[in-house]
Every structure is written in C-alpha cells, then in structure tokens.
Amino acid sequence: MKAWFPVRFASAFLLVCIVPAVLAQGTSFGVNRLAPYVPSPPPVVERMLTLADVTEQDTVYDLGSGDGRIVVMAARQFGAQAVGVEIDGKLVDQARARIKELELDDHARILQQDLMQVDLSPASVVTLYLLWTSNKKLRPNLEQGLQEGSRVVSHDFRIEGWKPVKTEKLTGQGRDHTIYLYEIGKH
C-alpha cells in the first residue's frame with residue numbers, strides 16, 4: 001500500500017509536468033515539433049486573416065498548419081493562394097483530403113515539411129500558432145525569407161523583439177485569444 005501512492009504520484013507528475021515541458025521545448029516523442037497541435041477556433045482564424053487584410057492577391061503560408069483550417073479559409077473565403085506547412089503525416093493527410101473535398105486544389109496545398117526549412121519567399125502573409133520560444137527560433141527565417149511589407153499574424157504568442165502594428169483580443173470557446181499583426185519592415 002505504501003508503494004502505491006509514490007507510483008501514482010510519479011505517473012501524475014509525468015503527465016502534468018514533464019510531458020508539457022517536453023512539448024514546449026519542441027520535441028514530441030522523437031518528432032521535431034515546435035508546438036503541440038491545438039487548432040485555432042474558426043472565429044479566430046477569420047479574424048487573423050481579416051486583420052492581415054488578406055485578398056486574392058496574397059499568398060498565405062500557415063506554418064504548423066495542423067488540419068489545414070487556415071489554409072482552407074484563406075483560399076475559400078478570401079480567394080488567396082494558400083500553403084500549409086505541417087510535419088505530422090496524419091494531419092497532412094487530413095488537410096489534403098479536406099482541400100480535395102472542397103475542390104480547392106487550384107488555390108490550396110499542404111507541404112509535409114519542417115517549417116524551419118520552408119522557403120518563405122513566395123508568402124505575402126504568414127500565420128502562426130506556435131509557442132513564443134518557437135516564434136523566437138523562427139524569427140530569423142521570417143526576417144530573411146519575407147519581403148518588406150509582408151504580414152505575419154500570430155495567435156496568442158508574440159514574436160520577441162518585434163513590435164506589432166496591431167493587437168486584438170477576442171473571447172471565444174471559454175477563453176481569451178490575442179492576435180498579433182506584424183509587418184516586415186515596421187517592427
């Protein structure tokens with residue numbers, strides 16, 4: 001009976017403290033990840049794209065695109081060319097199936113790739129829902145890969161060292177969300 005409590009406590013400690021810390025450092029059980037998969041609610045996605053003034057003239061890159069919801073909305077509702085970058089094969093398959101189902105193949109695609117390795121030069125808008133430590137790692141790629149005037153929109157996590165041109169707060173699904181808009185050349 002005495003040994004039972006420490007074993008249960010150690011298991012709970014592992015699940016509550018250690019696993020989130022491992023995820024926050026960008027490693028998830030052998031797969032290089034910069035954030036856990038947590039989908040942005042549709043109203044937040046729509047506000048991110050609206051805040052960035054996305055139009056049919058834009059190419060939107062969603063880094064860590066998960067199920068492809070930002071890519072789909074950028075193509076479907078805003079008429080933009082949209083590219084998702086996701087490392088998880090199951091999420092890539094799910095997003096590609098959704099794009100095919102909606103017949104958005106001409107406007108949307110998903111790359112199965114490490115987002116730290118992607119060529120950002122075609123993007124005029126980049127969307128992010130990564131941890132602040134991941135945004136910090138990604139910042140040099142954004143500065144080198146994007147042209148002046150390109151917009152970067154981050155959900156909930158600031159980009160250290162950059163000053164947003166706009167910040168908005170939304171409430172939804174039981175919590176507050178913050179959207180940060182940056183413009184290359186104005187931070």
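**Exercise 1. Find which residue takes a positive phi in the hairpin of E8 and E9, then trace how the strands pair.**

Solution. Start at the turn: Gln173 takes a positive phi near 50° in the hairpin of E8 and E9, where 2 residues lie between the strands. Strands here (E, at least two residues) and helices (H or I, at least four) are DSSP runs, numbered from the N terminus. Next, look at the pairing: strand E8 (residues 166–172) and E9 run antiparallel and are joined by 7 bridges. Two strands pair if DSSP finds at least two bridges between them.

A word on the model before going on: it is predicted, so local features need pLDDT of at least 70 and side-chain atom pairs count only at pLDDT 80 or more, while totals for chains, interfaces and linings use all residues. Residues are numbered from 1 along each chain as its sequence is written, and side-chain values use heavy atoms, leaving out hydrogens and water.

**Exercise 2. Work out which residues of H3 are buried and what they pack against.**

Solution. Begin with the list: Ile70, Val71, Val72, Met73, Ala74 and Ala75 are buried in H3. Buried means under 20% relative accessible area, exposed over 50% and partly exposed in between (1.4 Å probe, protein chains only). Because 6 of the 8 residues of H3 are buried, the helix is largely enclosed by the rest of the structure. Then turn to the surroundings: the buried residues of H3 pack against H2, strand E3 (59–63), strand E4 (81–86), H4, E5 and strand E6 (125–128).

**Exercise 3. Identify the residues that touch the most other members of the largest nonpolar core.**

Solution. First, the term: a nonpolar core is a set of buried Ala, Val, Leu, Ile, Met, Phe, Trp, Tyr and Cys residues joined through side-chain atoms within 4.5 Å. The largest has 28 residues, and Leu49, Val54, Val60, Ile99 and Leu104 touch the most other members. H3 gives this core its largest share, 6 residues. Now follow Leu49: beyond its neighbours within four places in sequence, its contacts (heavy atoms within 4.5 Å) include Val54, Val60, Ile70 and Met73.
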